Amino acid sequence: MSATADHAEERTNPAARLGFQPEQVVQEIGYDDDVDQELREAIEEVIGSDLVDEDYDDVADAVVLWFRDEDGDLTDVLVDAITYIEEGGSILLLTPKTGRDGYVEPSDISEAATTAGLSATKSVSVGKDWSGSRLATPKGAKSKR
């Protein structure tokens, strides 16, 4: 594939735009009937396999976290999600857009991410009903010995 085709795919495939890579293990948390099926399929297309569910008992490269305001304490959910991913991995936090049931205030997302030890790297619109925040885990300090 040419470099131009790669860039075109990044613009048209939201999963590629969000940084998902082939052969990554991506764990999905918070799945329900309201999730964006097109986004899920796009992620699976990029990674070349199915998303693994909450019962997956190994580490993942990334987590897709669907979260609605009524789903509990966001900080707690983020702290739990961190335990599932490789050091330096990321969490794609997906929340309903403004005006939708379950909407989460951006300030609540920022506060929960900071408290959980995550940093927000970018926010994106990922569908007609969902917004995404890409949250990065801290990379481990490398020993100089």
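This is a predicted model: local features need pLDDT of at least 70, side-chain atom pairs count only at pLDDT 80 or more; totals for chains, interfaces and linings use all residues.
1. Residues are numbered from 1 along each chain as its sequence is written, and side-chain values use heavy atoms, with hydrogens and water left out.

2. The protein chain contains five helices and five strands, where helices (H or I, at least four residues) and strands (E, at least two) are DSSP runs numbered from the N terminus. Read from the N terminus on, the elements follow the order α-α-β-α-β-α-β-α-β-β.

3. Of the 145 residues of the protein chain, 43% count as buried; here buried means under 20% relative accessible area, exposed means over 50%, and partly exposed lies in between, with a 1.4 Å probe and protein chains only. Among contacts (heavy atoms within 4.5 Å) with a separation of 6 or more, residues 24 or more positions apart account for 74%.

4. The largest pocket holds about 210 Å³ of space. Of the 18 residues that line this pocket, the closest to its centre are Pro-106, Ile-109, Ser-123, Ser-131 and Ser-133. The elements β3, α5 (106–115), β4 (119–125) and β5 (130–136) each supply at least two residues of the lining. A pocket, on a 1 Å grid over the protein atoms alone, is an open set of points where a 1.4 Å probe fits, with protein on both sides within 12 Å along at least five of seven lines, and lining residues have an atom within 4 Å of a point. The volume is the space filled by probe spheres set on the points, which are joined across faces, edges and corners.

5. A nonpolar core is a set of buried Ala, Val, Leu, Ile, Met, Phe, Trp, Tyr and Cys residues joined through side-chain atoms within 4.5 Å. In the largest such core, of 20 residues, Phe-20, Val-26, Ile-43 and Leu-94 touch the most other members. At least two residues of this core come from each of α2 (14–17), α3 (37–47), β2 (60–66) and β3, and α3 gives the most, with five residues. Apart from this core lies another, of 19 residues, among them Val-63, Ile-85, Ile-91 and Leu-118.

6. Tyr-84 lies in the loop between α4 (74–82) and β3 (85–96), and Tyr-84 counts as partly exposed because its relative accessibility is 26%. Not counting residues up to four places away in sequence, Tyr-84 touches Gln-27, Ile-29, Glu-54, Asp-58, Val-59, Ala-60 and Val-63. The C-alpha atoms of Tyr-84 and Glu-54 are separated by 9.1 Å, although these residues are 30 residues apart along the chain.

7. Leaving aside neighbours within four places in sequence, Thr-137 is in contact with residues including Ile-82, Ile-85 and Leu-118.

8. Glu-23, in the loop between α2 and β1 (26–29), has a positive phi of about 70 degrees although it is not a glycine. Most residues other than glycine have a negative phi. Glu-23 counts as exposed because its relative accessibility is 72%.
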